[in-house]
Amino acid sequence: MRIILGGGFPEEQYEYYLRVVHKNLLQAASSLGGAMETLSIPYQDLSLAKEVEPLMDLFDENAEPKLLELSQLKTIKRLWDDKGVEECYDRRREYQLLDSAKYFLDRISEIEKPNFRVELQDILRTRVRTTGIIEEVFNVDRINLRIIDVGGQRRERRKWIHSFGGVTSVIF
């Protein structure tokens, strides 16, 4: 909605979303690495198993997004190019993987460049866990449209249940 009605994002938001793209790449690598082990799929490049393990340890769903080091991005790129991982990706219905994982992994050669700048399509495909309540107000044809994004986790509900007074629409 911010893209359509709000005039886009300020520059600092692009910097934030670059870190989110890196975190989404790390999450994808962690998921693929874990699935390789769980599904007993061998890596074509056997050295990858030891290189991916620190990436898996590094991923923390609750941590603030931060930029990965170039060496970490190179490892993720090698992971994505591995034939064993390709087989693992084909079996993605058997484990949890971000729906945008392929999009970002396919673009890792661009993302790893030092001058890479996220695009609106990248922002739309990122996954950021909502905690708390985020409110945006847009003016559409002189009507104020108030959108409230609430954390969907069960433990977050007590924070936002009071926000439903006067609600006319709900979007999932």
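1. Basis of the note. This is a predicted model, in which local features need pLDDT of at least 70 and side-chain atom pairs count only at pLDDT 80 or more, while totals for chains, interfaces and linings use all residues. Residues are numbered from 1 along each chain as its sequence is written, and side-chain values use heavy atoms, with hydrogens and water left out.

2. Crossing of α3 and α4. Helix α3 spans residues 48–58 and helix α4 residues 70–81; their axes come within 10 Å and cross at roughly 120°. Helices here are DSSP runs (H or I, at least four residues), numbered from the N terminus. Axes are lines fitted to C-alpha atoms over the stretch in contact, with angles from 0 to 180 degrees between N-to-C directions. The angle makes α3 oblique to α4, since under 35 degrees counts as roughly parallel, over 145 as roughly antiparallel, 65 to 115 as roughly perpendicular and the rest as oblique.

3. Contact residues. From α3, the contact (heavy atoms within 4.5 Å) is made by L48, E51, V52, L55 and L58, and from α4 by Q72, T75, I76, R78 and L79. The residues of this contact comprise six nonpolar, two polar and two charged. In this scheme Ala, Val, Leu, Ile, Met, Phe, Trp, Tyr, Cys and Pro are nonpolar, Asp, Glu, Lys and Arg are charged, and the others, Gly among them, are polar.

4. The two faces of α3. L48, V52 and L55 are the buried residues of α3, buried meaning under 20% relative accessible area, exposed over 50% and partly exposed in between (1.4 Å probe, protein chains only). These residues lie on the same side of α3 because they cover an arc of only 50° around the axis, the arc being that of the directions from the helix axis to the C-beta atoms. The buried residues of α3 pack against α2 and α4. Exposed K50 and D57 are carried on the face turned away from the buried side of α3.

5. N24. This residue is found in helix α2, residues 11–38. N24 counts as buried because its relative accessibility is 3%. Beyond neighbours within four places in sequence, N24 is in contact with L98, S100, F104, R125, T126 and R127.

6. D45. The loop between α2 and α3 holds D45, which counts as partly exposed at 29% relative accessibility. Not counting residues up to four places away in sequence, D45 touches R78 and D82. D45 and L79 are 34 residues apart in sequence, with a C-alpha to C-alpha distance of 8.7 Å.
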